Amino acid sequence: VVCIVIDSTDGMLARRLQVKQSAGRIDGRRLDDIVDFLSFVFLPLLLALRADLLLEPAEVVAGIALLASVFGFSRVDAKQDEKGFFVGFPSYWNVVVGYLWLFSTPKLFNTVLILALAVLVLMPVRFLYLTHLPNRRDRRRHYVMGAIWGVVSVIALLSPPGPMRTAIAVASLAYPVYYLYCSVRMDLADRRATRHHLSTA
């Protein structure tokens with residue numbers, strides 16, 4: 001949750017503090033990618049290993065996800081800033097592993113899910129890039145819902161194991177499900193609009 005808060009605000013803060021002028025020799029986007037890779041990919045997959053969430057050979061499963069994300073981060077078209085999309089699953093391993101840990105799901109389920117998402121990292125599917133959504137109203141709505149999700153998720157993570165924590169964790173899934181729904185809906189709408197534009201050009 002902390003990683004997502006930082007990722008959502010670091011660009012805005014950098015622009016407001018005019019980091020390009022005060023630290024012109026530092027490539028902010030490259031630094032952002034390094035920090036994101038460590039916090040969204042490396043550490044969560046390490047947690048999956050340490051928490052014994054995966055089938056053996058667990059290191060191979062985590063390594064496949066890690067390698068997929070290396071290529072995902074390296075794609076020149078990984079971010080479609082002007083349209084507000086990530087191309088491929090955006091390596092939100094911290095969210096995925098957090099939920100697998102919260103729900104104590106079976107190792108087989110965890111392993112299949114992580115391998116499937118590793119494949120999606122490299123596929124031409126698109127997910128919302130919230131800080132670059134063209135529509136300001138959409139951006140605000142997702143920020144508010146994301147903030148509520150963050151608070152509920154922290155409550156779930158800090159709650160003792162039991163039915164109450166499970167119920168809070170299930171409730172917190174409302175926003176990730178909504179995010180996926182919006183990603184699919186906006187991706188399909190953009191593809192239809194592109195096809196229409198090409199057919200009439």
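Modeller: Start with burial. Buried means under 20% relative accessible area, exposed means over 50%, and partly exposed lies in between, with a 1.4 Å probe and protein chains only. Helices (H or I, at least four residues) and strands (E, at least two) are DSSP runs, numbered from the N terminus. This is a predicted model: local features need pLDDT of at least 70, side-chain atom pairs count only at pLDDT 80 or more, and totals for chains, interfaces and linings use all residues. Residues are numbered from 1 along each chain as its sequence is written, and side-chain values use heavy atoms, with hydrogens and water left out.

Colleague: Which residues of helix 8 are buried?

Modeller: In helix 8 (residues 163–172), they are Arg165, Ile168, Ala169 and Ser172. Seen down the axis of helix 8, these buried residues fall within an arc of 100 degrees, so they line one face. The arc is that of the directions from the helix axis to the C-beta atoms. Pro163 and Ala171 are exposed on the other side of helix 8.

Colleague: Why do residues three or four places apart point the same way?

Modeller: An α-helix has 3.6 residues a turn, so residues at that spacing point the same way.

Colleague: What covers the buried residues of helix 8?

Modeller: The cover includes helix 5, helix 7 (136–158) and helix 9 (174–200). Contact here means heavy atoms within 4.5 Å.

Colleague: How many residues does helix 6 have?

Modeller: Helix 6 (residues 107–121) has 15. From first C-alpha to last it reaches 21 Å, close to the 21 Å expected at 1.5 Å a residue. The expected span is 1.5 Å times one less than the number of residues. Buried in helix 6 are Asn110, Thr111, Ile114, Leu117, Ala118 and Val121. They fall within an arc of 135 degrees seen down the axis of helix 6, so they line one face. They pack against helix 4 (58–74), strand 2 (85–87) and helix 5 (93–103).

Colleague: Is alanine 68 buried or exposed?

Modeller: Alanine 68 is buried, with a relative accessible area of 5%. It lies in helix 4. Leaving aside neighbours within four places in sequence, alanine 68 is in contact with Ala118, Val121 and Leu122. Alanine 68 and alanine 118 are 50 residues apart in sequence, yet 5.7 Å apart in space, C-alpha to C-alpha.

Colleague: Where is leucine 47 found?

Modeller: Leucine 47 is in helix 3. Leucine 47 is partly exposed, at 42% relative accessible area. Its C-alpha is separated by 9.1 Å from that of asparagine 94, 47 residues apart along the chain.
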